[in-house]
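Please read the following points beside the sequence and the model. They are arranged by topic, and each can be checked on its own.

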Amino acid sequence: MSAKEPASRPRLRLRLRRRRRSGEEATGAWYPRWYWPTFAFPGTLWVLVLFLLPFYVVVSIAFGTVDPVFQSPLPVYEPWFWTTKYLLEEWDLVTGQFRSVEVRTLVYVLVATAICLVIAYTVAYYVARFGGKRKGLFLTLLIAPFFISYLMRMLSWVELLQPNGYVNSVLTFLHITPHPINWLAGVPFTVVVGLVYGYIPYMILPLYGFLDRIDQSQLEAGRDLGANPFWTFVRVTLPLSKPAILASLVIVTLPMFGDYYTNNLLSGSPKTTMFGNLLDNSMEATGQGPEAAILVLFLAVFLLIPMLYYMRETAKAQRQQ
Amino acid sequence: MSKTVSERPRVDRRSEGPVPPAGSRSTRTPLGWWRNPWRRPRILATLTWAYLAWSLLPVLIAVGISFNSGRSNSVWQGFSTQWWWGHPSADPSGALFVSPELRAAMIQSLRLSFLTMFIAVPLGVAFAIGISRWRGPVPAGANFLMLFSFVIPEIIVGISMFLFFTYLLKFVHLGTGGQLLALVTYQISYPVIIVRARMLSIGKEYEEAATDLGASPTQAIRRVLLPLLYPAILVSFALVFADTIDDFITVRYLSAGANTEPLSVKIYNFSRGALTPAINAAATFLLFSTLVVAVIGVLLYRRITRGQRGQTQEMTEHLT
Amino acid sequence: MARHPKERRPDLGGMTRREVLKRSVAASLALPGAAALLEACARPGATSEGSHANGPGAGKYWPAGSPYPLARQDSPVTWKLWRQPIKSGLAPEKGATLQIYNWDSYIFPRVVKEFCAAYNCKYQITTFNNIDEALAKMRTGQLQFDIFFPTPDILGKLITGKLLQPLNHSYVPHLVSDAWETYQNPFYDQGWHYTVPYAVYTTGIGYRRDLISDAQIRGMSNPYDILWDTTYKGKVGIYDDYREAISMALLKNGISDLNTGNKNYINQAQQALVSMISAVNVRTSINGAYIGIPKGTYDVHQAWSGDMVASWFYTPKQDMKTWQTLGYWFPSDRKGAVFNDTITIPASAQHPVLAHRFLDWMMTFKNAMLNFSWNGYQPPQRKADPTELTTTKSSYTGEPYVWPWLADAVVHESDFHTGYFEEELTPQVDALWHNAWQAFNSGVS
């Protein structure tokens with residue numbers, strides 16, 4: 001704790017305080033107070049008007065009612081008129097009938113994420129550290145899936161996985177399986193691998209970006225202290241990658257919870273229904289508007305928790321920088 | 001910036017005789033090879049190439065099928081451009097470049113993608129720049145909303161925008177205008193995330209140096225910060241374009257008529273109905289448009305950074 | 001004086017229209033776009049709680065709380081003309097672009113092209129994937145379609161909401177001369193004030209004739225059971241539609257009321273469906289019948305008659321032997337699920353005379369049969385003798401309209417007296433059906 005400052009200091013402190021107007025620690029550059037907010041203003045306005053308000057419409061529908069003629073959802077904007085009828089109804093379902101689907105979704109997403117993480121980290125690590133001259137080529141190939149329509153990627157797989165498709169031809173030719181397997185008939189393996197296939201490009205790029213910039217000296221320090229490559233990896237690289245892994249998890253895992261299309265395409269069976277499918281069924285049904293909105297809110301609240309954790313971690317990391 | 005192993009001078013230590021970097025065995029023996037920390041890992045390499053094959057092979061096959069002479073989507077029946085330029089029997093209205101509906105859809109796809117790209121990226125970049133320097137609850141809240149709009153399933157964004165425009169903002173009409181607003185909202189977080197990540201690694205030294213040398217804040221941004229961000233900005237352009245041209249969920253809800261339905265929606269309709277190579281042709285077209293835009297982006301980048309162009313590693317560093 | 005929020009009318013979901021209006025008005029003052037919101041509140045859609053005499057139509061079956069009567073085969077509905085039809089004797093609009101709003105790939109573009117050549121106009125077909133989407137878009141009032149193809153079960157909503165215009169019969173003479181007589185007075189629109197029929201079809205079972213012989217399925221005491229037959233495990237499909245799937249389970253259980261609100265019946269149907277999951281690993285699809293069966297994805301699938309009639313277009317090998325593997329079963333006493341589509345003219349149509357002429361065009365024998373050759377869905381045409389459809393060759397394909405081994409897929413006019421029509425349900429009953437469907441999807445019996 002510093003002692004009380006002498007009275008001859010005030011003018012210096014005033015000058016420093018002016019420099020801090022931009023909200024930073026004292027830096028060399030001086031920006032007026034409104035400078036940075038102006039940059040952020042259009043984007044902020046856009047997101048507030050075109051994301052927050054529509055989301056409020058969804059909330060108003062969740063606690064609203066239904067048009068008597070068309071059975072379409074009727075939003076009620078004032079919170080004091082909200083009805084909790086649908087909330088209670090859906091809460092019963094979510095804690096009762098839908099439980100097996102929720103558990104299944106959780107399992108699929110966690111397994112798919114784990115597989116994604118293992119594969120993505122491996123590939124990113126290899127390309128970042130051992131890519132060499134071919135790094136540009138690797139990067140192009142890694143970015144390529146972003147440029148290909150998600151629909152097309154999945155449809156290509158559907159064609160390959162048909163009972164008379166190439167996957168079965170190859171497997172029976174190599175005698176790995178005695179007869180063709182019906183991959184598309186409600187097989188959880190297909191759905192999980194489909195999820196991995198759809199989302200893994202989003203994971204590789206952030207991981208690569210981070211691993212590419214790892215300070216070589218830190219790794220060398222680890223090795224110099226006697227650790228072999230494996231332990232260097234475990235004790236140095238992995239902990240350093242935590243923020244990157246967290247970021248890629250946010251981008252991949254959270255949207256996966258709401259995915260319905262993979263299941264629709266790769267398995268039409270109720271055996272592999274995911275939460276997103278229940279949501280989609282509600283949305284497409286007449287008169288089920290409030291129910292669908294409630295399910296959306298449940299999903300949003302569920303996703304909020306990991307998101308807040310992520311933001312806290314990044315804020316912490318940023319402060320440490 | 002960090003240097004990776006591969007940037008070290010390529011010296012084949014094995015030819016230099018037994019100079020063990022660690023331990024005391026020659027790298028010629030299996031154990032020595034195993035213990036050599038500078039060898040390329042075979043397992044990782046195999047896994048990487050296997051992943052790339054798994055990732056891209058189905059798409060190459062799908063592109064190939066678009067030239068199928070029969071109507072099957074899974075079996076090759078010969079080469080033909082009937083799905084691109086001809087009059088296939090399964091689709092009397094004509095192939096991709098012949099049918100007026102599909103041509104209109106292609107134009108709508110390109111229109112939406114270009115417009116979204118040129119609106120979302122500047123907004124997002126400005127936001128990212130502002131947010132990286134401005135601290136407080138308001139920017140944190142806006143940042144959170146951006147991220148939230150990114151991870152929330154797109155169908156929710158689509159439906160909420162539809163309801164919002166039809167219940168509240170009724171002066172926004174369904175069609176290209178509505179579609180554009182919804183697409184920009186959904187895509188705006190892409191450039192924010194990419195540019196923000198890049199700005200975290202840039203640091204304030206460059207602008208400080210510029211202002212110390214007499215530049216005004218605007219000049220510092222324009223001449224120092226932005227050029228450093230060019231690769232991130234170009235990547236954002238490419239990714240926003242790619243994501244928009246494939247979007248079929250949001251635009252479906254906000255379309256006004258057949259002439260405002262982009263090609264991605266037509267592909268989605270095909271996928272629910274009759275699967276013929278027509279859908280492959282349409283998807284391949286989308287893929288090629290995206291590739292063209294990406295290539296233009298890369299060429300632009302090389303031109304802009306002509307003077308500063310370093311090795312590939314530097315460029316790829318700047319991308320992420 | 002506003003009602004207390006706790007004072008609720010249960011059957012309207014807690015709010016009357018007046019309350020909704022008042023609250024929405026209050027809300028509109030608190031939010032931007034107030035004018036827009038007020039307009040939204042005043043949109044023509046809701047009805048008053050007045051007596052049935054002021055209602056949009058008349059019918060025997062009018063459940064309490066419903067804004068309009070619900071049509072049933074034994075309780076037909078007559079709709080009132082909420083405005084006068086267009087005047088007779090007007091010339092078709094010139095230089096117009098006919099806006100058609102239809103299901104995806106459900107009308108032969110060539111038929112529309114020929115119409116436009118005859119009437120010197122252009123056309124644009126916009127498609128929808130489900131009827132809710134169509135309703136939502138139409139209600140925004142921003143899209144002006146000239147022709148709309150709804151199913152009869154949403155006619156109540158459309159007419160009460162004043163989204164359709166009444167027809168002027170003088171423009172559509174071919175309905176009287178060419179179409180089945182029953183459609184001059186269908187039970188869902190007596191006196192054909194708003195609709196003309198489009199396609200008629202039945203819902204039965206499509207199957208591979210090389211794996212299941214015709215004799216086998218017709219010899220079964222309850223042929224619906226074939227969908228539960230474990231022999232075809234992994235190759236069984238039903239439609240991804242809550243009405244169709246549950247109706248089929250009802251029929252399997254011997255219930256013939258496909259609009260039932262009986263909780264026991266619905267529960268039993270739900271249990272039957274859930275038992276399918278473990279028995280045959282059932283899958284749901286939309287195109288399983290006309291794409292999946294030819295492709296080999298399914299051996300047996302719930303099917304609409306039109307789907308199986310058109311399925312021969314989609315076999316990988318286009319030869320007679322492969323086409324003969326496609327089969328369709330419907331009860332021999334014709335007591336099964338029947339349905340038809342309609343064509344209507346939206347109230348906001350910009351080219352109503354042209355639209356009427358288009359309806360007439362679709363009612364004409366030549367054009368209706370050409371459309372049939374392409375999409376496989378039979379039109380209710382008098383000159384199309386059901387007994388001859390399997391032998392008459394279509395000018396478009398050169399093959400019979402319906403292959404002889406698919407004779408069950410031909411629809412007869414009498415089917416609409418023996419068969420069961422899926423009609424509109426009250427919101428409460430609809431919710432029961434929806435919950436059963438969600439339960440099936442969750443695997444809970």
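1. Which residues of strand β10 (residues 326-329) of chain C lie on one side and which on the other, and are they buried or exposed? C:L326 and C:Y328 are on one side, C:G327 and C:W329 are on the other, and all of them are buried, so that both faces of the strand are covered; here a residue is buried if 20 or more other C-beta atoms lie within 10 Å of its own, exposed if 12 or fewer, and partly exposed in between, with C-beta atoms placed from the backbone. In a regular strand the side chains alternate between the two faces of the sheet.

2. A word on provenance: this is a predicted model, in which local features need pLDDT of at least 70 and side-chain atom pairs count only at pLDDT 80 or more, whereas totals for chains, interfaces and linings use all residues. Residues are numbered from 1 along each chain as its sequence is written, while chains are lettered from A and ligands numbered from 1 in the order in which they are written.

3. Chain C has 445 residues, of which 50% count as buried, and its secondary structure comes to 16 helices and twelve strands (helices are DSSP runs of H or I with at least four residues, strands are runs of E with at least two, both numbered from the N terminus). Among the contacts in chain C with a separation of 6 or more, 71% are between residues 24 or more positions apart, a contact being two residues whose C-beta atoms, placed from the backbone, lie within 7 Å.

4. Strand β6 (residues 196-208) of chain C runs antiparallel to β10(C) and is joined to it by four bridges; two strands pair if DSSP finds at least two bridges between them. Within this pairing, C:W329 of β10(C) has C:I205 opposite it.

5. Chain C also holds an open sheet of three strands in the order β4-β3-β5, with parallel pairing, and its edge strands, each pairing on one side only, are β4 (122-128) and β5 (147-148) of chain C. Strand β3 (residues 97-103) of chain C is joined to β5(C) by two bridges and to β4(C) by seven. C:Y101 has C:F148 as its bridge partner in β5(C) and stands opposite C:T126 in β4(C). β3(C) is mostly covered, with five of its seven residues buried.

6. Together with helix α3 (residues 109-119) of chain C, β3(C) and β4(C) make a right-handed β-α-β unit, where right-handed means that, with the strands pointing away from the viewer, the path from the first strand over the helix to the second runs clockwise.

7. Which residues touch the most other members of the largest nonpolar core? They are A:A120, A:A124, A:I204, A:L207, B:A282, C:I147 and C:I246, in a core of 302 residues, and its largest share, 15 residues, comes from helix α8 (residues 188-212) of chain A. Such a core is a set of buried Ala, Val, Leu, Ile, Met, Phe, Trp, Tyr and Cys residues joined through C-beta atoms within 7 Å. Leaving aside neighbours within four places in sequence, the contacts of C:I147 include C:L98, C:I100 and C:Y101, as well as C:I343 and C:F358.

8. The domain assignment, which is automatic or taken from a database, gives chain C domain 1 (79-199 + 339-420) and domain 2 (202-337 + 424-442).

9. The contact between chain C and chain A takes 42 residues from chain C and 37 residues from chain A. On the side of chain C that touches chain A, the elements giving two or more residues include α1 (17-30) and α4 (131-139) of chain C, while α16(C) gives the most, with nine residues.
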